[in-house]
Amino acid sequence: MKPTTIGMTLAVVCTLATSAYAQAFDWAAAQEQFERYCAPCHGSTGAGDGDLGAALRRQPRDFTDCADMAKSSDDVLFNAIKNGGEPVDGQQSDMPAMRKSLSDDEIRALVLRVRQFCLPKGGISIAHQRESGLGK
Ligand code: HEC
């Protein structure tokens, strides 16, 4: 392995290891579920630009807005995915509750999948890489 590859691997492992949600993380499974259950509204890029999302009264959260996402704890995201948008902010929201479709472990993995849109990868966030055309 090249030193940069080792560095990047360590960075990802360390970032995930500091999260209480890390244990449940299976990238491939989380990615598949994100595409199936979340991308229609939140978009494959996480930017909240899925086809279904465009029709909603209130736009889906933009997971690539890292300053905004940093304001929500993992528990807030977990609760939003499990119980839907309404209990999170007390407002009517189209974010569906996933508790009937997904186990708690699967929801924890999705929290990490969502976080990944703002995780540094070699010092550059995935969102930034995408903007600059690198992350494709
Ligand atoms: C039908 C469209 C729709 C689908 C499908 C959907 N979402 Fe959402 N989501 C929304 C909307 C709309 C909001 C904004 C809710 C709000 O702020 O009240 C949102 C908000 C969120 C939030 C942020 C809650 C907060 O304000 O802190 C998270 C996290 C989230 N969604 C994760 C997911 C995940 C993970 C999936 C797939 C399992 C998913 N969503 C599927 C529409 C959707």
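Which helices each supply at least two residues of the shell around the ligand? Before turning to that shell, note that this is a predicted model, in which local features need pLDDT of at least 70 and side-chain atom pairs count only at pLDDT 80 or more, while totals for chains, interfaces and linings use all residues. Residues are numbered from 1 along each chain as its sequence is written.

The chain contains 7 helices and 2 strands, where helices (H or I, at least four residues) and strands (E, at least two) are DSSP runs numbered from the N terminus. Followed along the sequence, these elements give the pattern α-α-α-α-α-α-β-β-α. Of the 136 residues in the chain, 22% are buried, a residue being buried if 20 or more other C-beta atoms, placed from the backbone, lie within 10 Å of its own.

The helices that each supply at least two residues of the shell around the ligand are helix 2 (27-42), helix 4, helix 5 (86-89) and helix 6. Helix 2 gives the most, with 5 residues. Of the 27 residues around the ligand, Cys38, Cys41, Ala80, Ser93 and Met95 come nearest; a residue counts as near if its C-beta atom, placed from the backbone, lies within 6 Å of the molecule. By class, the shell has 17 nonpolar, 6 polar and 4 charged residues, where Ala, Val, Leu, Ile, Met, Phe, Trp, Tyr, Cys and Pro count as nonpolar, Asp, Glu, Lys and Arg as charged, and the others, Gly among them, as polar.

Helix 6 also packs against helix 2 and helix 4. Two packed helices are described by the angle between their axes and the distance between the axes. Axes are lines fitted to C-alpha atoms, for helices over the stretch in contact, and angles run from 0 to 180 degrees between N-to-C directions.

Helix 2 and helix 6 pack at about 85 degrees, with their axes 9 Å apart, and are therefore roughly perpendicular to each other, a description used for angles of 65 to 115 degrees. In this contact, Ala29, Ala30, Gln31, Gln33 and Phe34 of helix 2 meet Glu106, Ala109, Leu110, Leu112 and Arg113 of helix 6, contact meaning that the C-beta atoms, placed from the backbone, lie within 7 Å. These residues comprise 6 nonpolar, 2 polar and 2 charged.

Helix 4 (residues 74-83) and helix 6 (residues 104-115) pack at an angle of about 120 degrees, with their axes 9 Å apart. Here, Asp74, Leu77, Phe78, Ile81 and Lys82 in helix 4 meet Ile107, Arg108, Leu110, Val111 and Val114 in helix 6, a contact with 7 nonpolar, no polar and 3 charged residues.

Terms used:
Two residues are in contact if their C-beta atoms, placed from the backbone, lie within 7 Å. A residue is buried if 20 or more other C-beta atoms lie within 10 Å of its own, exposed if 12 or fewer, and partly exposed in between; C-beta atoms are placed from the backbone. Angles under 35 degrees count as roughly parallel, over 145 as roughly antiparallel, 65 to 115 as roughly perpendicular and the rest as oblique.
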